[in-house]
Amino acid sequence: MPTKWTAKGVLIGACSCDWGCPCSFDAPPTKGKCEGGYVWHITEGKFGDVPLAGLSISWLAHSPAALHKGNVTGLTIIDEKASAAQRNALAILSQGKSGGPWVIFSAVTAFPLGPKFESFEVVSDKLNSRVRIGNLYQVELGPILNPVTGDAEEIYLDKPTGFTSKRLTLGRSKTMRLKSEFNLLNYDHSGQYGEFSHFDYAGEAAS
């Protein structure tokens, strides 16, 4: 029997593109390549009988061109506080055969790395959110500021066909740094695109 799963929570993303992120509009990346990724913090969910609430998972990547063209190098990081059963469940989801956005990410990834198991510190507060993953990754969001007044702009993107979430709060990254042992996965794109959203996924994993 397939294993049913659900996951709800908050999603914090950042990348090397300019604010707004052309990928959201099926356009090429601002700088030709795309570097960045997502952190999912699960607030409610189960994989069969295995609870997932309170755990986090991340996918961080380097794409030499637009993501849909493939040839992506992607690193999966799983919350080290997860039990053996929880680690197995999140690893299965990350493989992209059981539904959720990982189906897309897996399809474009030519060089999958991980999973690595690291500590996650996630502070969820809309565009004041921040994440630290061990000594590997740090991101802190902030609002886009009006260039004339300096006031924070309130900008949303509603996209019913979105595969990570259906409504994004668009912002910027005050900080976004990745430092790993993998050559392509070392970058600092602080000050570029950032986003905050809520996600709600469900699917089935083969036995």
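**Note on salt bridges and a surface patch**

1. E181 counts as exposed, because its relative accessibility is 51% and the cut-off for exposed is over 50%. This is a predicted model. The E181 side chain meets that of K116 in a salt bridge, at 3.2 Å from N to O. The pair links distant parts of the chain, 65 residues apart. E181 sits in the loop between β11 (167–179) and β12 (186–188), while K116 belongs to strand β6 (residues 109–118).

2. A search of the whole structure finds five salt bridges. Side chains of opposite charge can pair when their charged atoms come close.

3. D188 and R177 form a salt bridge, with their closest N and O atoms 2.9 Å apart. This pair also links distant parts of the chain: D188 is in strand β12 and R177 in strand β11, eleven residues apart. D188 is partly exposed, at a relative accessible area of 44%. R177 counts as partly exposed too, at 40% relative accessibility.

4. R167 and D158 meet through their side chains in a salt bridge of 2.7 Å, N to O. R167 is partly exposed, with a relative accessible area of 44%. D158 counts as exposed, at 52% relative accessibility.

5. On the nonpolar side, V103, I104 and F163 make a surface patch of about 230 Å². I104 lies in helix α2 (residues 102–108). I104 has 40% relative accessibility, so this residue counts as partly exposed.

Terms used
Residues numbered from 1 in each chain as written. Predicted model: local features only at pLDDT ≥ 70, side-chain atom pairs only at ≥ 80, totals over all residues. Heavy atoms only, no water. Patch = residues over 30% accessible without salt bridge, like charges linked within 9 Å, V, L, I, M, F, W, Y side chains within 5 Å. Areas by Shrake-Rupley, 256 points an atom, 1.4 Å probe, with all protein chains shown as cover. Salt bridge = Lys/Arg side-chain N within 4 Å of Asp/Glu carboxyl O. Helix = DSSP H or I, 4+ residues; strand = E, 2+ residues; numbered from the N terminus. Buried < 20%, exposed > 50% of the residue type's maximum accessible area, 1.4 Å probe, protein only.
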